[in-house]
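Please keep the sequence and the structure in view while reading, and look up each residue as it is named.

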Amino acid sequence: MDDFKALSDAVIKGDIKTALAETQKAMDAGSSVRDILNKGLIAAMDEMGERFSKGLIYVPQMLRSAKTMQECTKLLEPFFQEGDVISKGKVLIGTVKGDLHDIGKNLVSMMMGGAGFTIIDLGVDVPSAKFVQKAQEVEPDIVAMSALLSTTMPAMLETIKALQKAGLRDKVKVMIGGAPVTERYAQKIKADSYASDAGSAVSKAKKLLGVS
Ligand code: B12
């Protein structure tokens with residue numbers, strides 16, 4: 001099945017029932033999880049973003065689509081599992097302060113969890129002090145931050161500085177991502193890694209920790 005239009009349309013409309021049925025249909029037809037995500041679900045969110053930029057839709061419609069996407073992602077979650085028993089490493093993840101977007105972060109968490117990492121998810125709107133406090137408590141291998149707004153990206157640098165101040169910067173790898181974030185920005189704020197999507201987040205995390 002290569003046509004994900006019905007699925008995308010349902011996500012755009014915020015029609016959870018149809019979107020779930022279309023996701024199931026695609027899975028039954030043997031479509032890959034990657035295609036369902038990229039060509040169906042994420043494509044719909046990109047379209048919503050464009051419509052929002054043009055003033056054609058407002059926040060409530062974005063929220064409905066977001067909820068629809070989250071429900072469909074739950075259906076896909078079991079297929080992210082690689083079945084590892086031993087943890088590949090501990091990842092402390094959150095969306096930075098001032099930012100409430102969590103779909104991408106949740107996808108990254110699910111994919112990394114499925115690939116054998118232990119995930120500690122701090123949720124959204126996470127202040128730098130909270131990242132530091134939790135890092136002291138759980139001693140993660142990676143601190144992963146998500147930002148979807150250009151106005152909240154600076155909170156990533158703030159968190160890196162806070163980790164530094166707490167003497168933790170050398171003990172953890174910092175990984176960042178989110179639609180407006182770039183490799184260049186990661187270099188600028190001296191993060192250890194950047195990934196543009198959940199799939200490459202997994203391979204980059206493995207590379208960072210030297211695990212396969
Ligand atoms: C859904 C959505 C919302 C929902 C969020 C619901 C939720 N639970 O997440 C709601 C309605 C709440 C919302 C609110 C707002 N939004 Co909004 N939103 C979106 C939208 C349409 C989709 C985002 C999304 O989920 N994409 C799908 C996911 C899968 O993609 P992703 O997040 O990029 O994640 C992938 C990668 O980036 C990466 N990744 C993500 N995180 C991480 C972390 C790590 C560590 C790594 C390695 C990788 C990684 O992997 C992910 C999976 O492949 C985007 C448009 C867009 N195309 O991005 C606008 C968008 C992000 N929103 C925007 C705006 C302006 C807002 C508001 C300010 C609107 C308003 N006036 O109130 C508010 C801000 C609220 C806040 N304080 O956060 C703008 C941001 C512009 C900018 N550059 O700053 C966008 C781009 C829309 C636009 N074109 O104008 N939004």
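Which polar backbone atom lies 3.0 Å from a nitrogen atom of the ligand? In this predicted model, the atom in question belongs to Gly 98.

- Besides the backbone of Gly 98, which lies 3.0 Å from a ligand nitrogen, the side chain of Ser 53 places a polar atom 2.7 Å from a nitrogen atom of the ligand.
- The side chain of Asp 46 also takes part, with an N or O atom that is 3.2 Å from a nitrogen atom of the ligand.

**Parts of the chain that form the shell**
- Two or more residues of the shell come from each of helix H3 (33-53), helix H4 (59-76), helix H5 (103-114), strand S3 (142-146), strand S4 (173-177) and helix H9 (198-209).
- Among these elements, H3 makes the largest contribution to the shell, namely six residues.
- Domain 1 (2-79) and domain 2 (90-209) each supply at least three residues to the shell around the ligand.

- His 101 itself sits in the loop that runs between strand S1 (90-95) and H5.

**Make-up of the shell**
- There are 37 residues around the ligand, and those that come nearest are Ser 53, Leu 100, His 101, Asp 102 and Ser 146.
- Sorted by class, the shell holds 21 nonpolar, 11 polar and five charged residues.

Terms used:
Residues are numbered from 1 along each chain as its sequence is written. This is a predicted model: local features need pLDDT of at least 70, side-chain atom pairs count only at pLDDT 80 or more; totals for chains, interfaces and linings use all residues. Side-chain values use heavy atoms; hydrogens and water are left out. A residue is near a molecule or strand if one of its heavy atoms lies within 4 Å of it. A polar contact is a pair of N or O atoms within 3.5 Å; within protein, one must be able to donate a hydrogen and the other to accept it, and residues adjacent in sequence count only if both atoms are side-chain atoms. Helices (H or I, at least four residues) and strands (E, at least two) are DSSP runs, numbered from the N terminus. Ala, Val, Leu, Ile, Met, Phe, Trp, Tyr, Cys and Pro count as nonpolar, Asp, Glu, Lys and Arg as charged, and the others, Gly among them, as polar. Domain bounds come from an automatic or database domain assignment.
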